[in-house]
Amino acid sequence: MDVLQAILTRRSIRRFTGQPVSEGDLETLLRAASQAPSAHNRQPWHFIVVRDKKSLESIAEFHPYAKMLPRAGCGIVVCGDSVLQKCTGFLVADCSAAIQNILLAAHGIGLGAVWCGLYPREGLTRPISELFGLPENIIPVGVVAVGHGDEQKDPADRYDKSKIHTERW
Ligand SMILES: Cc1cc2nc3c(=O)[nH]c(=O)nc-3n(C[C@H](O)[C@H](O)[C@H](O)COP(=O)(O)O)c2cc1C
């Protein structure tokens with residue numbers, strides 16, 4: 001799929017068939033994530049691939065907006081290393097760029113995905129850190145539910161001319 005077509009037609013997919021995501025597809029997504037831009041090119045991201053149903057169910061128990069995770073083929077927890085990227089704002093931006101790459105790549109290869117936010121909600125980051133044994137310096141930014149979609153969504157045109165400012169506000 002052409003990159004612009006992927007950007008313009010991507011939607012959050014929250015219904016999944018339950019069919020597993022292949023190792024090859026998963027590597028494609030993680031390679032796409034790793035190509036994201038990052039401040040000072042620090043590449044502070046780490047990815048935890050979660051296929052274990054019990055772990056996915058555990059996340060769905062405490063995350064009110066991640067109930068779809070157990071039905072997804074897998075979850076990818078995207079974390080940032082705060083030693084590598086000391087400015088938290090940049091760390092979050094870097095990991096967010098990686099997450100967006102995962103969403104677009106998933107859509108491009110015919111998978112469905114949805115970004116479930118974690119940082120800065122302590123009620124979400126703390127249980128994730130405990131569940132996956134994250135070191136102190138590792139901040140979980142988001143978890144992406146990825147799988148074979150069981151819903152189709154029309155593209156949403158959000159281009160709003162009133163938000164475009166030319167030369168100055
Ligand atoms: C930082 C962030 C956190 C989000 N968290 C959740 C979430 O916890 N659960 C969820 O179902 N969707 C979540 N989303 C997805 C948004 O709800 C979705 O992108 C938005 O409604 C626009 O719909 P679309 O992705 O289909 O274009 C999140 C998106 C972002 C950028």
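This is a predicted model: local features need pLDDT of at least 70, side-chain atom pairs count only at pLDDT 80 or more; totals for chains, interfaces and linings use all residues.

Visitor: Where is glycine 80 placed, and what stands opposite glycine 80 in strand 2?
Guide: Glycine 80 belongs to strand 2, and the residue opposite it is tryptophan 45.

Visitor: Why is glycine 80 called buried?
Guide: The label asks for 20 or more other C-beta atoms within 10 Å; glycine 80 has 28 other C-beta atoms within 10 Å, so it counts as buried. Leaving aside neighbours within four places in sequence, glycine 80 has contacts that include Pro44, Trp45, Leu91, Ile139 and Val141. Valine 92, which is 12 residues apart from glycine 80 in sequence, has its C-alpha 7.3 Å from that of glycine 80.

Visitor: How do you know that strand 1 and strand 2 pair, and in which sense do they run?
Guide: Pairing requires at least two bridges found by DSSP, and 6 bridges join strand 1 to strand 2, which run antiparallel. On the same criterion strand 2 (residues 74-81) pairs with strand 4 in the antiparallel sense over 8 bridges, with cysteine 74 bridged to valine 146 and aspartate 81 standing opposite isoleucine 138. Strand 3 (residues 112-117) and strand 4 are likewise antiparallel, over 6 bridges, and there alanine 113 stands opposite valine 146.

Visitor: What makes strand 1 and strand 3 the edge strands?
Guide: The 4 strands form an open sheet in the order 1-2-4-3, with antiparallel pairing, and strand 1 (45-50) and strand 3 each pair on one side only, as edge strands do. Neighbouring strands of this sheet are turned by 25 degrees against each other on average, direction ignored.

Visitor: Which helix packs on the sheet, and which strands does it touch?
Guide: Helix 4 (residues 88-108) packs there, touching strand 1, strand 2, strand 3 and strand 4, and its direction makes about 10 degrees with that of strand 4.

Visitor: Why is strand 4 described as largely enclosed?
Guide: In strand 4 (residues 138-147), 9 of the 10 residues are buried, so the strand is largely enclosed by the rest of the structure. Strand 2 is mostly covered, with 6 of its 8 residues buried, while for the protein of 169 residues the buried share is 33%.

Visitor: Why is the protein called as compact as a globular protein of its length?
Guide: Its secondary structure comes to 5 helices and 4 strands, following the pattern α-α-β-α-β-α-β-α-β along the sequence. The radius of gyration is 16 Å, close to the 15 Å that the globule rule gives for 169 residues, so the protein is as compact as a globular protein of that length. The C-alpha trace spans about 50 × 40 × 30 Å along its principal axes, and of the contacts between residues at least 6 apart in sequence, 78% join residues at least 24 apart.

Visitor: Is glycine 117 buried, exposed or partly exposed, and why?
Guide: Glycine 117 has 15 other C-beta atoms within 10 Å and is therefore partly exposed, since the class lies between 12 or fewer for exposed and 20 or more for buried. Glycine 117 lies in strand 3, and its C-alpha atom is separated by 4.6 Å from that of glycine 142, 25 residues apart along the chain. Glycine 117 is also one of the residues around the ligand, among them Arg11, Arg14, Tyr65 and Trp115; by class, this shell has 6 nonpolar, 2 polar and 2 charged residues.

Visitor: What makes histidine 40 and glutamine 43 worth a remark in their backbone angles?
Guide: Most residues other than glycine have a negative phi, and most peptide bonds are trans. Histidine 40, however, has a positive phi near 55 degrees, and glutamine 43 has a positive phi of about 45 degrees. Histidine 40 has 12 C-beta neighbours inside 10 Å and so counts as exposed, whereas glutamine 43, with 18 other C-beta atoms within 10 Å, is partly exposed.

Visitor: How do you know which peptide bond is cis at proline 120?
Guide: The bond joining tyrosine 119 and proline 120 has an omega of about 10 degrees and is cis; proline 120 lies in the loop between strand 3 and helix 5 (122-132).

How values were computed
Residues are numbered from 1 along each chain as its sequence is written. A residue is near a molecule or strand if its C-beta atom, placed from the backbone, lies within 6 Å of it. Ala, Val, Leu, Ile, Met, Phe, Trp, Tyr, Cys and Pro count as nonpolar, Asp, Glu, Lys and Arg as charged, and the others, Gly among them, as polar. Helices (H or I, at least four residues) and strands (E, at least two) are DSSP runs, numbered from the N terminus. The radius of gyration is taken over C-alpha atoms; the globule rule is 2.2 Å times the number of residues to the power 0.38. Two residues are in contact if their C-beta atoms, placed from the backbone, lie within 7 Å. Axes are lines fitted to C-alpha atoms, for helices over the stretch in contact, and angles run from 0 to 180 degrees between N-to-C directions.
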